[in-house]
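Me: I'm about to open a structure that is new to me, and I'd like to go through it slowly with you. Could you take my questions as they come?

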Amino acid sequence: MRDDPIAQVLDDLMRLDDIYACIVARRNMISVMPTDEQFKPEVNQIWDVIKRAMDDVFTVIGEYSGAGLTEIEFRLQNYEVLFYVFPEMENALVAIVPALANKGLLEVELENARRDIFKIMNTPSQTTDTTQKDELYATA
Amino acid sequence: MKETLETAIGMSRKWEARDAGREVAETAIQKLNRPPDFFLLFSTIHYEKYGGFQEFLNGVWDVLPKGTPLIGGTVPGFMNNYGCFSRGASALAVSSTDMDVAVGVGKNSKRNPFRAAKQCAEMIHNQLKDTSYKNKFLLNFISGPVIPSIPGVGQKKYIRSGFVSKFALQALGLSQKLMQKGLSREDEIFEKTVQQLPDYQMILGTSMDDYKGIKNYQFFNEQLLTNAVVNLGVATDLDLGVHTTHGMKPTDLHFTITKLGAQRHAICKINNKPAVPEFLRLLDWPEGFLTEETMLHTILYYPISLRRLGRDVPVVTPLIMKDSILVPCVIDDGEVSILTVSGQDLIQAVRENLRLFNDIQPEFGLLSTCMTILQTLGHKTNIIQEELHSYFKDKSFLLFYSAGEGTYSKDKDITYANMSFNTAIFGKQDTKK
């Protein structure tokens, strides 16, 4: 995992104060996590409910990503969950941020991360095998 | 001797301060054939936690030739030829055989803005008074606002308590004098700078952190400063122009400011009624609608067109204190109006601005833009980057986000506005157009 370029992009995001968690995921499956596989402690207590809600959102993403759905977000308690969908895929970069975060600034870096990850996915030598990762992190 | 002009954009996304400092300088100067004549440096606040800004500057000076004029500071984000970023550092390095350059500094900008502005402007004047180049430019970069932490309340954008608000409004001046916390007074500094250097074309920007208003830093050569104004003066034969656009549109909602407070920084009464309830009534928003949270999503889209010395000053409401609206600049009373703006309007303002420079073949550009645009557009701010990229093509440009910005030229006078897009473009007049 240490050399996974996608995990390194997620590591960079995790260093931002207001990114409590970030993953590359699809329905029922976390494909890539940050290198140390840790989220910030704030989300631990509500992770289970957020995870269930996320899976429902991925149903929508699966349905509409082909129609041009690029972003979706929901608010749960004091958190917002942002989905940056990879073009024409059922995978998304998912980030959990506090509800009162300066979201505009975070969005800029999330978009940069989406572009970086998408580039990695499309570079043959660096491609993360998401099928293999799906097996490793399958949570459903 | 043949005229040479080279420009380069430096960039670093490294986390450690010293490494980032080195990289931002290296990536800029490696594209130049001779040492830069000035180096403009902007960084997000993140390096405070990853080694500190003195280390960041030390990293820059590990690489940058000694004596290169350098100014800059912390900003909420920036965009350049490579993209749009709210974390990292970027620099504009310019090298020219036909250019005179000066840098200046004035300290204690919140305690004594006029003295700081005068000191800084005099440094520029003294260094460039004998220049033979016809066009003069100034970047006026000022320490931005720091929201004072009120005991028991903290740093809030919306204060509900009447008692705390009354205390805070009265203490604002004192806070600025004693602790240098409060509004940045960039409008006053800019006015004074224009008075001192009326022949310069100017662009104004302010230093800020990540939109929180807790701390900001300025860079002046090797020095790391707070509460300072730093100037870059350039004399050149290049054609240059500055321009401000904002995209805010008038509504039919007008009101009269009938009482000002906090040294003309607070609207206490409008239409002879407490300002905030009357403002909500005009917008048809229910009482209690504005909160710390809703302010981010609502009030940014309804700026107010205020007046100052006969000029229109469109501003965003940064702070509400019970019944009073605190504004970022000194204003006059009288009739004003509520404006409205959308994301599309903001992007249109960029296009409108660049259209004015259609007859210039750009060599490089420096731009300051309101950080509320970054907050409002989020990653859609990349649309602005694409517009700039298509205008500048392979020529360098650096845009920094700011908390109070504007431009000045003799022809257009001072334009100070929030939510605005400000350009300074250097190039050659295209005589064919």
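Reply: Gladly, and one term comes up at once: two residues are in contact if their C-beta atoms, placed from the backbone, lie within 7 Å. Please also keep in mind that this is a predicted model, in which local features need pLDDT of at least 70 and side-chain atom pairs count only at pLDDT 80 or more, while totals for chains, interfaces and linings use all residues. Residues are numbered from 1 along each chain as its sequence is written, and chains are lettered from A and ligands numbered from 1 in the order in which they are written.

Me: OK, how many residues of chain A are in contact with chain B?

Reply: On chain A there are 13 such residues, and they are in contact with 20 residues of chain B. The chain A side divides into 5 nonpolar, 3 polar and 5 charged residues, where Ala, Val, Leu, Ile, Met, Phe, Trp, Tyr, Cys and Pro count as nonpolar, Asp, Glu, Lys and Arg as charged, and the others, Gly among them, as polar.

Me: And what does the secondary structure of chain A come to?

Reply: Chain A has 4 helices and 5 strands, and along the sequence they follow the pattern α-β-β-α-β-β-β-α-α. Helices (H or I, at least four residues) and strands (E, at least two) are DSSP runs, numbered from the N terminus.

Me: How do helices H1 and H3 of chain A pack?

Reply: Helix H1 (residues 5–14) and helix H3 (residues 103–121) of chain A pack at an angle of about 175°, with their axes 9 Å apart; axes are lines fitted to C-alpha atoms, for helices over the stretch in contact, and angles run from 0 to 180 degrees between N-to-C directions. H1(A) and H3(A) are therefore roughly antiparallel to each other, given that angles under 35 degrees count as roughly parallel, over 145 as roughly antiparallel, 65 to 115 as roughly perpendicular and the rest as oblique.

Me: Which residues make that contact?

Reply: H1(A) gives Pro5(A), Ile6(A), Val9(A) and Leu13(A), and H3(A) gives Glu109(A), Ala113(A), Asp116(A), Ile117(A) and Ile120(A). By class, this contact of H1(A) with H3(A) has 7 nonpolar, no polar and 2 charged residues.

Me: Is Gln77(A) buried or exposed?

Reply: Gln77(A) counts as exposed because it has 10 C-beta neighbours inside 10 Å; a residue is buried if 20 or more other C-beta atoms lie within 10 Å of its own, exposed if 12 or fewer, and partly exposed in between, with C-beta atoms placed from the backbone. Gln77(A) is found in the loop between strand E3 (71–76) and strand E4 (79–85) of chain A, and its phi is near 50°, a positive value in a residue other than glycine.

Me: And where is Asn221(B)?

Reply: Asn221(B) is in the loop between strand E11 (218–220) and strand E12 (223–225) of chain B. Its phi is near 50°, a positive value in a residue other than glycine, and with 17 C-beta neighbours inside 10 Å Asn221(B) counts as partly exposed.
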